[in-house]
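Hi everyone, thanks for coming. Let me put the structure up on the screen, and then we can walk through it together.

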Amino acid sequence: MASMFLLVGFGQSWSISLSILNMCIISAIMSMGINIQWGYAGIFNVGIMGFTALGGLAAVLVSYSPVGEAWRVGGIGMIVSLFLLITTIVAVFFLNRVFRHSSYKYWIIGLTIIIGLILINLFFRPAVQAIEDVNPAVTGFLGGLGLPIIFSWIVGGLFAAGVAFVIGKITLGLRSDYLAIATLGISEIIIAVLKHEDWLSRGVKNVIGLKRPVPYEIDLQKTDWFISLISYLNSSKLGKISDSLESEKLLNQLVIEGSSIFVKLSYMILFTIVLLFILYLANKAQISPWGRMMRAIRDNETSANAMGKDVVKRHLQVFVIGSAVVGIAGAMLITQNGLFTPSSFLPLRYTFLIWVMVIVGGSGNNVGAILGGFVIWFVWIEAAPASQYLIEILTIALNDENEFKLHLIDSVPYFRYLIMGSVLLLIMRYRPKGILPEKVRHS
Amino acid sequence: MVDLINAFVVLLNYIFIPALSYGSQLALGALGVSFIYAILRFANFSHGDLMSFGAMMTILFTWLFQSYGISLGFLPTAILALPLAIIATILFSILTDRFVFRHYRIKKSTPVVLAMVSIGVMFVIQAIVRIIIGPDDRQFFDGQKFIMKAKQFKEITGLNEGLAIKSTQVITILATIVLVSLLFWFLQRTRTGKSMRAFSDNEDLALLSGINPDKVVFITWLIVGALATVAGTLYGLDKSFKPFTYLGLVLPIFASAIVGGIGSPIGAVVGGYVIAFSEIMVTYAYKKFFIYLLPQSLEPTGLVQLLSTDYKFAVSFSILVIVLLIRPSGIFKGRTL
């Protein structure tokens, strides 16, 4: 795998190689999160995209500086509607308890929800209008807390865990495919909310210019220690040039290249720390009594239940933990991108690709999940140029105007889907345990 | 009195007719999902894309016919192309079964593994559709667009509000009625249909009674392929054909199947209409309706819209959640045909 990155580094550029590597690390964390759900407990989550986007939302809400004007005009309305929302939810739970045996239960609860929604709307709509009217070209939303963005990694995990708890509470314990469909639905809804609730996340107008946990390239290029570091690293190259003006020019160029590599390296170090930390915890959990219990539940639910294990509760636990890991990865992804674009969240890219990673890597094996993340992301990125190259070789006999050839070249991006789908099917058929199968220790 | 009729026509025009045709499309899709679920016992996530494959086949055959100058006059040429497309889609789905799903059926894998495999199939079908026809929007409707135009209706009745009936809507509803009745006749009256019901009810017992499982599976794919092609084509005719929209249909289709009771054909049809009507009723802006009904002093200022149309998904999802909470087996107790 490492040689692949070296190959890209020498062949294309180090900057590209490093950004692929960073995305690989993020994908690896996501696939570890899904591996916790699927590999440990056999839970089928098709809403990875939604949990990723929640992590991204956390990055915006934590790091963006608050928009004072928006808070002034709409803050009170928002707080009142939030309060009313919580009151409604509490009331529904309370009524559900009180009228447990009444035949009017559903009518009473339904009525409460409708009254609650009407009341919320009274405060919510004007507040939204006011907030979105505040300088819509630049802000038009409430902004965030203005904290360092690194906190959002934790908050993103918490957001995802919260949503996972609600979904899990409703669907776990029912048939296993219901959870899959429910997660599919909730992820679409999360994306719809992020796209259309402008007061929260600016919707399709995107949030750009998020803060960074690492220095900016522009600042680096002006720092003395960085320039001297670059000139030290390249002293042999610079020494060959006698003309001082020429060497100044070369140094300048090297500094610009170096700064972008430096930034990506710093991201890589941060991401690797998170990756290793989660890997350590996940492995620890897997070999602990808890992990063995999860495996028992996965392999034979009925007998685990008979042994007194609360299957539904354990499933809920593992579903929440796995989703939190995905949320963390989502926050990291947005941190690295520096911008939040809700319309870029596509199920194929963020849900199904992660599944391919888990299955290929080896479900139940954390190192396998990481390997899958690396390999599949790499293939995903490099599949387009590779298939273009292949098509050009195969159609070399046809002339350039040939319609069939042009059509094939147009559809190059979709060969990636074909490759991914075939990889998934082939692995599931011929190597269902993945590249690195799960290691079961009998003790 | 005239106001009342006007208000009624508004509801008919903007809610009832669109919901009826959308519901029929969902019902056909949900029937396919339900069949797979009842016989092969897994949630087939690739069904939406099988629909898009079927619609693509129809489009290709339509283009072929159009290039020969064959058309059906005021009816869309797609109807002529439909039988060929159905055959192509059935062939395709039987091939996927032979090369992909059969292996797991013989191995008796858990439903979750099969669902995962169906995601792989979904990837592949999406790629095939996009490679063959491209990701763009395709209009393949020809023939007469409206059976009744809003203007004609106004002239005939002298009302303020028009009632437009698109021919695609009528075709959709008629096709659904025909297909669904054929299907029920098949399941209730024919020997093969009865053996399918038996298979779905109790596999072991059915095998003991000498029912050939391969034949049952084959017939299932025949029905599913046909249903998917018709549903996909009707959806494409009514809206327009865009490959990526079919992935979005998966959620309402599954919601319909589950709400009606997954595995139950009546449930799938009812569920389709429940989902379609609630989706359109919740996201429709009732302003015009109330203007006719209420006196001028009470006229609403806003749009009187419960939820913006962007949250269509939220409606089918909420219904799904409510059903799962209150009655997890669906309206009609699901599980068998």
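Let's look at where H7(A) meets H13(B). On the chain A side, the residues in H7(A) are A:Tyr178, A:Gly185, A:Ile186, A:Glu188, A:Ile189 and A:Ala192, and they meet B:Phe313, B:Ala314, B:Phe317, B:Leu320 and B:Leu324 in H13(B). Sorted by class, this contact has 9 nonpolar residues, 1 polar and 1 charged. The crossing of H7(A) past H13(B) is left-handed.

Before I go on, please keep in mind that this is a predicted model. It scores ipTM 0.85 and pTM 0.87. Chain A has an average pLDDT of 85, with 99% of the residues scoring at least 70. For chain B the mean pLDDT is 87, and 98% of its residues reach 70 or more. If you want to know where to be careful in chain A, confidence is lowest in helix H1, residues 2-11, with a mean of 72. At the other end, helix H15 of chain A, residues 311-337, has the highest confidence, at 93.

How many residues does each chain bring to it? Chain B gives 32 residues and chain A gives 33 residues. On the chain B side, the elements that give two or more residues are helix H3 (78-107), helix H4 (111-133), helix H10 (245-260) and helix H13 (312-326). So which of these has the largest share of the chain B side? That is H4(B), with 13 residues. By class, the side of chain B that touches chain A divides into 25 nonpolar, 5 polar and 2 charged residues.

H10(B) also has a partner inside its own chain. Helix H1 of chain B, residues 2-39, packs with H10(B) at an angle of about 70°, and their axes are 8 Å apart. H1(B) and H10(B) are therefore roughly perpendicular to each other. From H1(B) we have B:Leu26, B:Ala27, B:Gly29, B:Ala30, B:Val33 and B:Ser34, and these meet residues of H10(B) including B:Leu249, B:Pro252, B:Ile253 and B:Phe254. The residues of this contact divide into 9 nonpolar and 4 polar, with no charged ones.

Back to chain A for another helix pair. H17(A), residues 366-394, and H19(A), residues 412-430, have axes that come within 8 Å and cross at roughly 115°. H17(A) passes H19(A) in a right-handed crossing. Among the residues making the contact are A:Trp380 and A:Gln388 of H17(A), and A:Phe415 and A:Arg416 of H19(A). In total, this contact has 10 nonpolar, 2 polar and 1 charged residues.

Last stop, the domains of chain A. The chain is divided into domain 1 (25-65 + 147-212 + 273-345), domain 2 (67-142) and domain 3 (346-443). The C-alpha centres of domain 1 and domain 2 of chain A lie 26 Å apart. Their contact takes 5 residues from domain 1 and 6 residues from domain 2. On the domain 1 side that touches domain 2, the classes are 2 nonpolar, 1 polar and 2 charged.

Methods:
Residues are numbered from 1 along each chain as its sequence is written. Chains are lettered from A and ligands numbered from 1 in the order in which they are written. This is a predicted model: local features need pLDDT of at least 70, side-chain atom pairs count only at pLDDT 80 or more; totals for chains, interfaces and linings use all residues. Two residues are in contact if their C-beta atoms, placed from the backbone, lie within 7 Å. Helices (H or I, at least four residues) and strands (E, at least two) are DSSP runs, numbered from the N terminus. Ala, Val, Leu, Ile, Met, Phe, Trp, Tyr, Cys and Pro count as nonpolar, Asp, Glu, Lys and Arg as charged, and the others, Gly among them, as polar. Domain bounds come from an automatic or database domain assignment. pLDDT is the predictor's confidence in each residue, from 0 to 100. Axes are lines fitted to C-alpha atoms, for helices over the stretch in contact, and angles run from 0 to 180 degrees between N-to-C directions. Angles under 35 degrees count as roughly parallel, over 145 as roughly antiparallel, 65 to 115 as roughly perpendicular and the rest as oblique. A crossing is left-handed if the near helix is turned anticlockwise from the far one by less than a right angle, and right-handed if clockwise.
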